[in-house]
Amino acid sequence: MPNDTRTLTSQGGRTDRACIHPMPLPIAGWAVAVAAVSAVVTYLAGNTQFAPGACSRLEAHAGSFLVGQDLALRLATDAICDHLDDPNPARPLILSAHGPPGVGKSLFHLLAAQALYSKNPSEAMKCPGHDCAGYKVMYGMDYVASERAEQQGLLRSALIDHVRRTPEALIVVEEYDKLDCGMRGFFRQFLENGAVGNVTLNKAIILLESNLGYLQLLGLLKASRSRAEVTAEQAQRVLKDLIFERWERQACEDRTDTLKMVGLVDIFLPFFPLEASHLRALFEARLERRSQALAQAGVGRLAWDAAVLDFLISHVEFDGAYPLEGAKEVAVVLTKTVSRPVRRWAEEQQRRQAPASTGKGEGTDVPHCALQVVKPLGRPRQLVCA
Ligand SMILES: Nc1ncnc2c1ncn2[C@@H]1O[C@H](COP(=O)(O)OP(=O)(O)OP(=O)(O)O)[C@@H](O)[C@H]1O
Ligand SMILES: [Mg+2]
């Protein structure tokens, strides 16, 4: 969640400008110049269209990073695939992601953007940015009254501008439950008509993100033996009812329009609270990635056992069975516990290996940092490289 929710910001759809100085040119020169300028413009515009094959990439790409959110991922993939299959959709696709903080809602739309805008999605892509020029993330719906009109104006023009430039847009509205009546009215018309002026929204995918629904999703989890048992229908029902009830209470518009607005959402995506097993998988994946990076650098490999993973999980704050901040603490815990001993060990290996120029990190004698939990006297428990 953004730190300062009173500031409207957006990312993506960068508007780079080329500076062109007029010069007399012969006709052929003009043709070359026009082609060159349009090539520059195309290049600067970045990936503005959904790349062919997006549907088949989406679930595999997102699924390789996102843990514990199989239902949301399945629902989102099916809806996006159907939308992409339609050459002339009558409306934009509208998804509404719900769940507690840190459980992968924003990670999901980032991964979706990578898979939508590139045939070779990767973490290295500039998204939002040049590699995902159609991807726009909007924050800051909770501004103070005195700034309201100005902020609404900015948001409207940013949105219209973005869709004009990139009709195949992935637009995310974070914390959309905090929209005030004015903005909600604007969104309702925008989404309902699929157009503003001559700008059409029909090819776009809109993802609304909100923390609403946490208790309802927790209720569903507790009432079933496992998260795999919760059905799409159950999740849709509780989330849709909740949003309708919340908006009706706010009384921004008459009941029919509230119904229409809620009805515009094609799919409600349930992002469940994560559990210790998910954190374990995430810690393991990150250690594995560090190990691969060390191997690639010719330094060596990391090794660890279950006690190390238990140790890492013990640093995360839980409320009963659920980590309070989802997976947000994973990176911080690794920084606090793993980074220093591994860095020291890597430096030591590099010092030792310095005279040798070949075969580093390869073969049977690959150096290993075996992470171990120790409890030196008078100090808190810590990890060391043994
Ligand atoms: N399900 C998950 N699988 C893998 N990593 C996750 C998952 N959930 C969270 N993370 C990690 O935690 C970080 C924060 O997650 P994310 O930003 O997606 O949370 P969020 O659900 O959007 O929370 P908020 O409601 O605060 O916006 C991510 O960058 C990612 O590293
Ligand atoms: Mg988020």
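A word of caution to start. The model is predicted.

Now the overall picture. The protein chain has 12 helices and 13 strands. It runs to 386 residues, and buried residues make up 46% of them. What about contacts? Take those with a separation of 6 or more: residues 24 or more positions apart account for 77% of them.

Let's go to strand β7, residues 205-210. How many of its six residues are buried? Six of the six. In a regular strand, side chains alternate between the two faces of the sheet. Here, one side of β7 carries Ile 205, Leu 207 and Glu 209.

Which strands pair with β7? One is β2, residues 93-98. The two are parallel, with six bridges. Look for Ile 94: its bridge partner in β7 is Ile 206. Another is β4, residues 170-173. That pairing is parallel too, over four bridges. Here Val 173 stands opposite Leu 208 of β7.

Last stop, Val 332. You will find Val 332 in helix α12, which covers residues 328-353. Is Val 332 buried, exposed or in between? Val 332 counts as partly exposed, because its relative accessibility is 42%, and that class lies between the 20% and 50% cut-offs. Now find Val 316. Val 332 and Val 316 are 16 residues apart in sequence. In space, their C-alpha atoms are 9.5 Å apart.

Technical notes:
Residues numbered from 1 in each chain as written. Chains lettered and ligands numbered in written order. Predicted model: local features only at pLDDT ≥ 70, side-chain atom pairs only at ≥ 80, totals over all residues. Heavy atoms only, no water. Buried < 20%, exposed > 50% of the residue type's maximum accessible area, 1.4 Å probe, protein only. Contact = heavy atoms within 4.5 Å. Pairing = 2+ DSSP bridges.
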